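User: I am new to this structure and would like to go through it in questions and answers. Please begin with the overall fold.

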Amino acid sequence: LQDIIPQPLLEQYLSMTDPARAQTVDTEIAKHCAYSLPGVALTLGRQNWHCLKDTYETLASDVQWKVRRTLAFSIHELAVILGDQLTAADLVPIFNGFLKDLDEVRIGVLKHLYDFLKLLHADKRREYLYQLQEFVVTDNSRNWRFRYELAEQLILILELYNPNDVYDYLRHIALTLCSDKVSEVRWISFRLVVAILQKFYANNANALGLNFINELVVRFRHCSKWVGRQAFAFICQVAMFSLCFCVSISV
């Protein structure tokens, strides 16, 4: 029980998530409930999350991917409402399930991956380093916007991890994306590579930065294909632009 909103109104909302009702009354009703759930949670407050927990889990396992997709796009907002403890206990398992779902659902967590990971404790956040590589593989290889979104998110995510973790895990993803078949993905990946270099040198990890530069030279500068050598030239271009931009700001 709670005293924030009329109890009959809350019970009416919760009853609309019943799968049987969705089949007999309105097939879209579960999607609408999923869309409004963060607003209901915000109104009730985290102290009354127990009123919505079972309903959220029911919606997260709905057979309609559109319902799960709606929750995936808003799970980072719900995490802000609930706080770190409830997020770790109740949202992280559902988040992990979304990571293994259809691409239509995975894109929801991918678009706000940084927003969700930054709310987790460092030890819990580090566990996802092993799973970021899985975003490179999609159900449809022609879905290049998925890989583009991954590169954009990784640029933001760099600040959440130390240079050694970036070198051991994120560096491989960046190099893979730099060789993507789609030019748009390659371009955003060049920015990612430069951001990784900036991460190393900003944290005095000069040895890691030098190793990464040597790897770029071997992999792209001396590539037998022209597209690889072109990629190296573009990486240098992005690096010079970033350097000039930093110098102009400091002046």
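Analyst: Helices here are DSSP runs of H or I with at least four residues, and strands are runs of E with at least two. The model discussed is a predicted one.

User: How many helices and how many strands are there in the protein chain?

Analyst: Read along the sequence, the pattern of the protein chain is α-α-α-α-α-α-α-α-α-α-α-α-α. The C-alpha trace spans about 70 × 35 × 30 Å along its principal axes. The count for the chain is zero strands and 13 helices.

User: What share of the 251 residues in the protein chain is buried?

Analyst: A residue counts as buried when its relative accessible area is under 20%. Of the 251 residues in the protein chain, the buried share is 45%.

User: What part of the contacts with a separation of 6 or more comes from residues 24 or more positions apart?

Analyst: A contact needs heavy atoms within 4.5 Å. Among the contacts in the protein chain with a separation of 6 or more, residues 24 or more positions apart account for 68%.

User: How far apart are the C-alpha centres of domain 1 and domain 2?

Analyst: The domain assignment gives domain 1 as 1–120 and domain 2 as 136–250. In contact across them are 11 residues of domain 1 and 14 residues of domain 2. The distance between the two C-alpha centres is 35 Å.

User: Which residues of domain 1 lose the most area to domain 2?

Analyst: The two domains bury about 1,100 Å² between them, with 62% of that on carbon and sulfur atoms. On the side of domain 1, three residues together make up 55% of what that side buries. These residues are Asp-103, Leu-110 and Tyr-114.

User: Which side chains meet in a salt bridge at 3.2 Å, N to O?

Analyst: Between domain 1 and domain 2 the count is one salt bridge. A salt bridge requires a side-chain nitrogen of Lys or Arg within 4 Å of a carboxyl oxygen of Asp or Glu. The side chains that meet at 3.2 Å belong to Lys-111 and Glu-149.

User: Which element gives the most to the side of domain 1 that touches domain 2?

Analyst: Across this interface, six residue pairs are in polar contact. Two or more residues on the side of domain 1 come from each of α6 (103–111) and α7 (113–117). With five residues, the element that gives the most is α6.

User: How do the residues on that side of domain 1 divide into nonpolar, polar and charged?

Analyst: The residues concerned are those on the side of domain 1 that touches domain 2. They divide into one polar, four charged and six nonpolar.

User: Is Asp-180 buried or exposed?

Analyst: Asp-180 is found in the loop between α10 (163–178) and α11 (183–202). Its relative accessible area is 11%, and the cut-off for buried is under 20%. Asp-180 is therefore buried.

User: With which side chain does the side chain of Asp-180 make a polar contact?

Analyst: Leaving out residues up to four places away in sequence, Asp-180 touches Val-185, Arg-186 and Arg-147. The polar contact, at 2.4 Å, is with the side chain of Arg-147.

User: What is the separation of the C-alpha atoms of Arg-191 and Ser-242?

Analyst: Arg-191 is found in helix α11 and is partly exposed, with a relative accessible area of 45%. Not counting residues up to four places away in sequence, Arg-191 touches Ile-155 and Val-238. Arg-191 and Ser-242 are 51 residues apart along the chain, and their C-alpha atoms are separated by 9.2 Å.

Key:
Residues are numbered from 1 along each chain as its sequence is written. This is a predicted model: local features need pLDDT of at least 70, side-chain atom pairs count only at pLDDT 80 or more; totals for chains, interfaces and linings use all residues. Side-chain values use heavy atoms; hydrogens and water are left out. Buried means under 20% relative accessible area, exposed over 50%, partly exposed in between (1.4 Å probe, protein chains only). A polar contact is a pair of N or O atoms within 3.5 Å; within protein, one must be able to donate a hydrogen and the other to accept it, and residues adjacent in sequence count only if both atoms are side-chain atoms. Domain bounds come from an automatic or database domain assignment. Buried area is the accessible area (1.4 Å probe) that two parts lose on being put together, summed over both. Ala, Val, Leu, Ile, Met, Phe, Trp, Tyr, Cys and Pro count as nonpolar, Asp, Glu, Lys and Arg as charged, and the others, Gly among them, as polar.
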